[in-house]
Amino acid sequence: MSNKTTSRQPLPSLTGGVGGGSAGSAGSSVASLLWIDDEIELLKAHILFLEKKGYAVDTVTNGFDAIDRCREKTYDLILLDENMPGLSGLETLQRIKEVTPTTPVVMVTKSEEENIMDQAIGSKIADYLIKPVNPTQILLSLKKNIHQREIVTEQTQTAYQQDFGKMGMLIDDARSIEDWVEVYRRLVAWELQLSETDSGMKEMLAMQKQEANRLFARFIERNYLDWINDAETPGRPPVMSPDIFKRRVFPLLDKGEKVFLIVIDNFRYDQWRILMNEIADLFHIDESLYCSILPTATQYARNAIFSGLMPNIIAEMFPDLWVDEDSEEGKNLNEAPLIQTLFKRYRRQHTFTYNKVNDSAAAERLVQKLPQMEKYDVNVCVLNFIDMLSHARTESRMVRELASNEAAYRSITLSWFRHSAVADLFRALTNSDYHIILTTDHGSIRCQNPVRVKGDKNTNTNLRYKLGKNLDYNPKEVFEITNPQRALLPSPNLSTRYIFARGDSFFAYPNNYNYYVSYYRDTFQHGGISMEEMLIPLVELTPRKRG
């Protein structure tokens, strides 16, 4: 069932790193140190040890000479004695930071006084060593502060090289949604680890991920229609968009708990993993992934979450709440009424609020409203920033430069969270009794490969899925659904069909093809079939109670 060539190709050779034990093996040049100590003559054995390890060590006996040296030369690290006559170690540290603020300084002292440690740490020293120090302690500090990135790079790429074959077998042997969740978790874990290094293995991981997405698309095409047409079977895997309330929210309400449901629009699993570190000390975290319905787009997936229904059922039962593709009306304006229909259909008497947050001002207002919201059983909050970022990245050259790849995209997501009122919202929720569910409606994928599609003027504009009655395409390049009713999708016309892009493909029209491809290639899109779009976070958070 799989093309094993891609996932079995030979790995590139690895370059030497710091593991050899000398400074020279850590990079192309010898690391340069400055050691400042009024009793430097007593440290000759230590200096000789470091020089044998490949370090170039300059020495001075007072703070004034040290400052002059720092003006003349750039050092990789400075070792500084805290207790010196004349200019003290802490005074020297302050002046050195003015001359060379980014050079790591390791404080070496006989003093174990806590206030000295606090002052040194407050001045942003890199490390603190208590005399008498031994050469191994010093070497460890050097490795940590000069060579850490090289060491991490070597160890990480070696570990991925060793895991590469196992990952290939996992991908080839994946037969269930649980298998694919495990594959995607591990790929994202490696992606996050490698992104923090200078490893050349990132390209190999990208190729392995591409192969995984190719086989994942095959898996979805074989199973998707059976899943959604067997939705009421007890224990039917996987959890999908219409199941969120029925399988996650309602059971908590039945236990007498209050629920705060946060839906971050267009939120990928890798983005969740970096935000998780920001809130891990605030909450107990129970992480899982669930599967978005197709199309992986707000109009379909998010409406399915809030109604508990597949799109065609929404359109049939509540035509005034469903917005057709060709309508100028916003596609997500009826979410609160859809939640109301869901509660009514299941005879739920629970009270709820619905809040949509599009900017920081709205987030601040929501935080201020939290005390008044505590009387409700369910509070639903939709956060739109990441989806707005995705669209801005497509339309703005500046934003595209800022979020040039997945790592940069994650970085902007993290920066937004840290500096927005949304972080305040999470902190405020730690003081509540809510059971918090954090999820999304779909993810997105960085598109690279154009697929030609022709359509009439009524064809929708999404780059990852198309529906219409006059579509012209190569069936081998898409996942096609010729009977929308079987896929539980609305059918505006008798001859309407849906097609979905796989992996990192996107649909391009033949008219003005080169311009269209150039504009949309390397943008983050959603609507189609990929692990990034379909396997998405479903996380339960309970506040950690502080004693």
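Colleague: What should I know before I look at residue numbers and side chains?
Modeller: Residues are numbered from 1 along each chain as its sequence is written, and side-chain values use heavy atoms, with hydrogens and water left out. Since this is a predicted model, local features need pLDDT of at least 70 and side-chain atom pairs count only at pLDDT 80 or more, while totals for chains, interfaces and linings use all residues.

Colleague: OK, which order do the strands have in the open sheet of 3 strands?
Modeller: The order is E13-E15-E14, and the pairing is antiparallel. Strands here are DSSP runs (E, at least two residues) and helices are DSSP runs too (H or I, at least four), numbered from the N terminus, and two strands pair if DSSP finds at least two bridges between them.

Colleague: And which strands stand at the edges?
Modeller: Those are E13 (465-468) and E14 (479-481), and because each has a single partner strand, one side of each is left without a neighbour in the sheet. From one strand to the next the twist averages 15°, where axes are lines fitted to C-alpha atoms, for helices over the stretch in contact, and angles run from 0 to 180 degrees between N-to-C directions.

Colleague: Which residue does glutamate 191 meet in a salt bridge?
Modeller: Glutamate 191 meets lysine 209, at 3.0 Å from N to O. The pair links distant parts of the chain, with glutamate 191 in helix H8 (residues 177-195) and lysine 209 in helix H9 (residues 202-229), 18 residues apart.

Colleague: Are those two buried or exposed?
Modeller: Glutamate 191 counts as buried at 13% relative accessibility, and lysine 209 is buried as well, with a relative accessible area of 10%. Buried means under 20% relative accessible area, exposed means over 50%, and partly exposed lies in between (1.4 Å probe, protein chains only).

Colleague: What about arginine 248, which residue does its side chain meet?
Modeller: The side chain of arginine 248 meets glutamate 540 in a salt bridge of 3.7 Å, N to O. Arginine 248 lies in helix H10 (residues 244-254) and glutamate 540 in strand E18 (residues 535-543), so the pair ties together parts that are 292 residues apart in sequence. Glutamate 540 is buried, at a relative accessible area of 16%.

Colleague: Where is aspartate 522 found, and what does it touch?
Modeller: Aspartate 522 is found in the loop between H20 and E17. Not counting residues up to four places away in sequence, aspartate 522 touches Arg393, Ser404, Arg446, Cys447 and Gln448, with contact meaning heavy atoms within 4.5 Å. Aspartate 522 forms a salt bridge with arginine 446, the closest N and O atoms being 2.5 Å apart, and a polar contact of 3.2 Å joins its side chain to that of glutamine 448. A polar contact is a pair of N or O atoms within 3.5 Å; within protein, one must be able to donate a hydrogen and the other to accept it, and residues adjacent in sequence count only if both atoms are side-chain atoms. Phi of aspartate 522 is near 70°, a positive value in a residue other than glycine.

Colleague: Last one, how do H7 and H9 sit, roughly parallel or roughly antiparallel?
Modeller: The axes of helix H7 (residues 148-173) and H9 come within 10 Å and cross at roughly 10°, and H7 and H9 are therefore roughly parallel to each other. Angles under 35 degrees count as roughly parallel, over 145 as roughly antiparallel, 65 to 115 as roughly perpendicular and the rest as oblique. Among the residues making the contact are Tyr160 and Phe164 of H7 and Met204 and Leu205 of H9.

Key. A salt bridge is a side-chain nitrogen of Lys or Arg within 4 Å of a carboxyl oxygen of Asp or Glu.
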